Amino acid sequence: MTKYIIHGGNPLHGEIAISGAKNAAVAILPATLLVDGICRIENIPQISDVTRILEILEELGAKIHVVNRHTVDIDCSHVRNTRASYEIMRQIRASYYVIGGLLGRFGSAEVAMPGGCDFGVRPIDQHIKGFIALGAKIDVEGGFIRAETASGRLEGTQVYLDVVSVGATINIMLGACRARGTTIIENAAKEPHVVDVANFLNSMGADIMGAGTDVIKIRGVDYMKGGFYSIIPDQIEAGTYMTAVAAAGGEVLIQNVIPKHLECITAKLLEMGVDVEERDDAVLVRRTGPLRKANIKTMPYPGFPTDMQPQIVACLCLAEGTSVVTEGVWDNRYRYVAEFKRLGANIRVDGKIAVVEGVERLTGAPIRACDLRAGAAMVVAGLAAEGLTEIDSIYHIERGYESLVEKLQNVGADIQMVTVPDGVDKQQAG
Ligand code: EPU
């Protein structure tokens with residue numbers, strides 16, 4: 001078993017470089033299924049979710065050449081297999097993009113239902129609605145989704161999404177790239193990674209307009225060639241380190257970011273009394289005084305991201321006053337609160353609302369990461385807590401954060417990853 005051991009209380013000082021965006025990478029990699037030619041993709045984060053997607057592509061017959069730590073060449077020209085197995089698909093939510101990629105290229109796909117973090121029901125009805133509108137016949141049976149078209153090609157159409165869904169927007173966009181005719185997605189998601197996927201597809205020969213607005217227009221093309229693409233920096237990784245500085249104190253230059261993508265997070269940190277200075281491709285985060293309360297509601301972009309909700313709550317636990325947090329995207333994203341309480345946090349949850357009463361201090365304790373962002377938030381809380389915090393089930397965190405321990409050690413955090421045989425007493429682990 002591997003865990004993080006954190007001795008909290010050190011303010012953070014120095015620089016952290018942000019990796020490529022996980023949620024763009026896990027869509028762009030399956031998007032290569034649409035391309036007849038070699039795609040060179042740069043700035044890929046080294047995280048386990050990316051490894052899983054590459055395994056799925058290999059299983060389907062893609063040729064993958066690792067150029068360096070963050071760059072791969074992917075050639076899907078010879079892919080003919082349109083069935084992705086249950087063993088890999090169930091491990092990761094974003095495996096659903098394989099459906100859009102296969103269906104768009106071959107007009108058929110057979111893919112096991114996706115897995116991923118558990119925060120309540122995670123339906124994919126809007127993806128399916130989109131594929132049906134594009135002319136696919138869909139069967140969901142025995143844990144598999146089977147999608148087929150009569151002619152071997154999807155047909156362009158108009159799709160209105162009933163909920164703003166990142167996954168459905170991207171998946172329908174993938175399916176529509178090589179469809180016959182034009183597709184219009186209305187009420188589309190506007191997240192930076194939706195735009196990044198569209199930019200990738202356009203640079204490979206697709207014809208997409210409007211990504212980043214709520215109406216996206218895709219003119220189907222017959223062929224997509226290979227090319228080069230570099231993935232955008234990770235908005236949520238950057239935001240997580242911003243909250244780490246806010247919670248633990250200190251001054252850190254967070255580099256390789258697009259400050260515009262961070263505005264929703266920056267605005268809240270400023271309100272809480274943290275200094276955030278925007279540079280061209282960096283933000284300087286400094287906390288000198290006490291944290292102030294803030295009310296937060298998570299919403300689709302450009303609102304405050306749900307994937308930053310647990311990390312900002314870690315800061316609010318230590319803010320002066322009472323903060324009200326409303327989760328506006330997922331049904332059940334407060335499972336981590338029980339773990340925070342072990343650190344001394346004072347939080348009451350009622351449905352989608354959490355009321356956070358700031359406390360003077362958090363104190364270290366053994367806790368368990370229950371999903372990716374909750375786990376990251378536990379690191380943030382552990383860095384600010386007095387004494388020793390041990391976090392287990394860190395495989396959740398490793399899904400989405402490249403070199404987290406190393407990046408934090410470089411700014412003065414006392415954090416280590418240790419491996420202990422299962423069943424060894426927690427005291428020995430330290
Ligand atoms: N929804 C439906 N039907 C659908 C799809 C979504 O009702 O067919 C609902 C969901 O239940 C949810 C809302 O719409 O209430 C938004 O879901 P969305 O489809 O946008 O989420 P997703 O695409 O499955 C991505 C990220 C999540 C992030 C959400 C929201 C990836 C791989 N995952 O998920 O990221 O929370 O968007 O921004 O891109 C994470 O990185 O930790 C993570 C969970």
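Contact here means heavy atoms within 4.5 Å. Helices (H or I, at least four residues) and strands (E, at least two) are DSSP runs, numbered from the N terminus.

## Ground rules

This is a predicted model, where local features need pLDDT of at least 70 and side-chain atom pairs count only at pLDDT 80 or more, while totals for chains, interfaces and linings use all residues. Residues are numbered from 1 along each chain as its sequence is written, and side-chain values use heavy atoms, with hydrogens and water left out.

Let's start with helix H8, residues 235–248, which lies across E2, E15, E16 and strand E17 (282–287). H8 runs at about 20 degrees to E17; axes are lines fitted to C-alpha atoms, for helices over the stretch in contact, and angles run from 0 to 180 degrees between N-to-C directions.

Those strands make an open sheet in the order E2-E15-E17-E16, with mixed pairing (two strands pair if DSSP finds at least two bridges between them). Strands E2 (12–17) and E16 (275–278) sit at the edges with a single partner strand each, so one side of each has no neighbour in the sheet. On average, neighbouring strands of this sheet are turned by 10 degrees against each other, direction ignored. E2 pairs with E15 (residues 250–255) in the parallel sense over six bridges, and His13 has Glu251 as its bridge partner in E15.

## Two nonpolar cores

A nonpolar core is a set of buried Ala, Val, Leu, Ile, Met, Phe, Trp, Tyr and Cys residues joined through side-chain atoms within 4.5 Å. Buried means under 20% relative accessible area, exposed over 50%, and partly exposed in between (1.4 Å probe, protein chains only).

The largest core has 78 residues, and Leu29, Met173 and Leu201 have the most contacts inside it. Leaving out residues up to four places away in sequence, Leu29 touches Ile41, Ile44, Val50, Ile53, Leu54, Leu57, Val72 and Ile74. There's also a second, separate core of 75 residues, which includes Ile16, Ala314, Ala319 and Val379.

## Helix H5

H5 covers residues 125–133, and Gln126, His127, Ile128, Gly130 and Phe131 are buried in it. The buried residues of H5 pack against helices H4 (97–106) and H6 (166–177), plus strands E8 (137–141) and E10 (158–160). After H5 comes Gly135, with a positive phi near 100 degrees.

## Asn187 in its loop

Asn187 is in the loop between strand E11 (182–186) and helix H7 (192–203). With a relative accessible area of 22%, Asn187 is partly exposed. Setting aside neighbours within four places in sequence, Asn187 is in contact with Tyr160, Leu161, Asp162, Val163, Val164 and Asp214. A polar atom of the Asn187 side chain lies 2.9 Å from the backbone oxygen of Leu161.

## Aromatic pairs

Searching the whole structure turns up four aromatic pairs. Rings of Phe, Tyr and Trp (its six-membered ring) pair if their centres lie within 6.5 Å; planes under 30 degrees apart count as stacked, over 60 as edge-to-face and the rest as tilted. Tyr334 and Tyr336 have ring centres 6.4 Å apart and planes at 50 degrees, so this pair is tilted. Tyr336 and Phe340 have ring centres 4.9 Å apart and planes at 70 degrees, so that one is edge-to-face.

Ring pairs link Tyr334, Tyr336 and Phe340 into a cluster. As for burial, Tyr334 counts as buried at 8% relative accessibility, Tyr336 is buried at 1%, and Phe340 is buried at 1%.

Terms used: Polar contact = N/O pair within 3.5 Å; in protein donor to acceptor, adjacent residues only side chain to side chain.
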